[in-house]
Amino acid sequence: ETYNKGIALEKIKPKAAANCFGNRAFIYQKQKLFDKALADYTKAIEIEPKKPFRYCNKGDLYRNHLNQPYNALNQYTTAINMDSSYYFAWSCRARTYGDKLHNYEMAIHDSKYITTHLDTNDVIILNWIGIYYHRLGKEKKAKAYYNKVIQKYNSGLKISEWDITNGVAWAFNNLGVYYQRDNDYLKAAKKYNKAVQIDTEEPARYYWRSWFYFNCSNQLDSALNDAQKAIDLDPENSKWLLSKAKMLELSNRMEEATEIYKKAKKLFPNNKDVQLENARFLGIIGKLKLSQKEFEKIKHLKTIDSRYLNYQTEIQFKNKGFNSVEKLANECIKIFPQDTLSRSYLADLLFQKGNYAASCSHYTYLISMMENNNKYLDYEPNLNQINLSELYIKLGNTFEKMKAPESQCMALKKALSNLDEMYGIYDKKRMEKELEEKIKTLCN
């Protein structure tokens, strides 16, 4: 009501009215009345067209709520053109390029402008540059920027708690992921432990360390303790509950996992992740009718989230419902052409059926999708993810069945060269040795 009164005085007090439009837009935004918010942000700009922050407010609405990244870019660019020292506009434009458009080169360009001209000690932006280089597959540069962050932290530079949480701790964490991938578990443990030590109240630290304990250290109790710590710190986030449930499931502690899934469903009845994971878990433990009933309740997710079909495919594969596997996988590929998991299920099924030519075709197509496509480099420890080295091994096995030794040799060499990109639970030294021996025998 106060803002409405101020707006009514637009002709008498335009500056006050512009502020009222801007403040009312923010309230509309919180109420998810995005069209009204957009109209008010636009009106505030009409009244005060030379205020850069007003364009950033409108850009944030486009970026975070209306899923219109190009319109967001236009707003941020207008603000930058008005004031090239406006940090917030550069930062938001960089995140729009990186997170929304996956244009990591431009994200790096804008981020480097900040660290060169505006704030050379911005550890959050430096960490993001490392992330963008990682997503481009430029590991050395990514590590260099993570280490820059850590060097600034170790130099005695005064760093706020916010910057430690959102910059320094993530740099330690991200290096831990690299060391874990390389089977250097001692260094990985040090990085994860340091991230926890300097950022004890952030649940994400315990989440990442819990999966390190689970995947690489054979320390289930420590893993579950960390998983519970994340839940205790942030009980309103379903991700931490689902993470612990997944660990218990993978440890074959199904009764305990069942209780956590029930708890998650009770606490977060409308959360799509909880709905999908609960429906999947019921099928995995053999409660197929209940599982199907839960999937039926959320069938609106079918064209929104590939997990809806992939989880049902996984359940059918486990229960040898191979006709359903083929139908579900093909349906998922039709709706989500870039989905890797469904195509992998289909290729595996065709291999089992002895249809090696079709299996080979799907493995080859999957590889062509993933090679030189940096979005597949992102790693989430609790998800089922496909990687190139495994695909090349499967392709090599297919060529073996097709009696094509030269093609098999080529596939195994590719598998060996891509071992470095494998995350998760792998004995890379053993795999490397086995591949080298097989290549030596086959290719010579």
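Tutor: Start with a term: a salt bridge is a side-chain nitrogen of Lys or Arg within 4 Å of a carboxyl oxygen of Asp or Glu. Arg181 and Asp182 form one, with the closest N and O atoms 2.9 Å apart. Keep in mind that this is a predicted model.

Student: Is Arg181 buried or exposed?
Tutor: Arg181 is buried, because its relative accessible area is 3% and buried means under 20%. Asp182 is partly exposed, at 33%.

Student: How many salt bridges are there in the whole structure?
Tutor: A search of the whole structure gives 29.

Student: What about Lys297 and Glu294?
Tutor: Their side chains meet in a salt bridge of 3.1 Å, N to O. Both residues belong to helix 17 (residues 288–297), and they are 3 residues apart, about one turn of the helix. Elsewhere, salt bridges with shared partners join Lys272, Asp273, Glu277, Asp305 and Arg307 into one network.

Student: Switching topic. How many helices and strands does the chain have?
Tutor: The chain has 24 helices and 0 strands. Its C-alpha trace spans about 85 × 55 × 40 Å along the principal axes. Of the 444 residues, 50% are buried.

Student: And what is the average pLDDT?
Tutor: The chain averages 91, and 93% of the residues score at least 70.

Student: Which residue other than glycine has a positive phi?
Tutor: His102 is one of them, with phi near 55°. His102 lies in the loop between helix 6 (87–100) and helix 7 (104–118). Asn183 is another example, at about 65°, and its loop runs between helix 10 (161–181) and helix 11 (185–198).

Student: Why point those out?
Tutor: Most residues other than glycine have a negative phi.

Student: Last one. Which residues form a negative surface patch?
Tutor: Asp420, Glu432, Glu436 and Glu437 form one. Glu437 is in helix 24 (residues 428–443), and it counts as partly exposed because its relative accessibility is 45%.

Key. Residues numbered from 1 in each chain as written. Predicted model: local features only at pLDDT ≥ 70, side-chain atom pairs only at ≥ 80, totals over all residues. Heavy atoms only, no water. Patch = residues over 30% accessible without salt bridge, like charges linked within 9 Å, V, L, I, M, F, W, Y side chains within 5 Å. Areas by Shrake-Rupley, 256 points an atom, 1.4 Å probe, with all protein chains shown as cover. Lys, Arg positive; Asp, Glu negative; His and termini not counted. Charge placed at Lys NZ, Arg CZ, Asp CG, Glu CD. Helix = DSSP H or I, 4+ residues; strand = E, 2+ residues; numbered from the N terminus. Buried < 20%, exposed > 50% of the residue type's maximum accessible area, 1.4 Å probe, protein only. pLDDT = per-residue confidence, 0-100.
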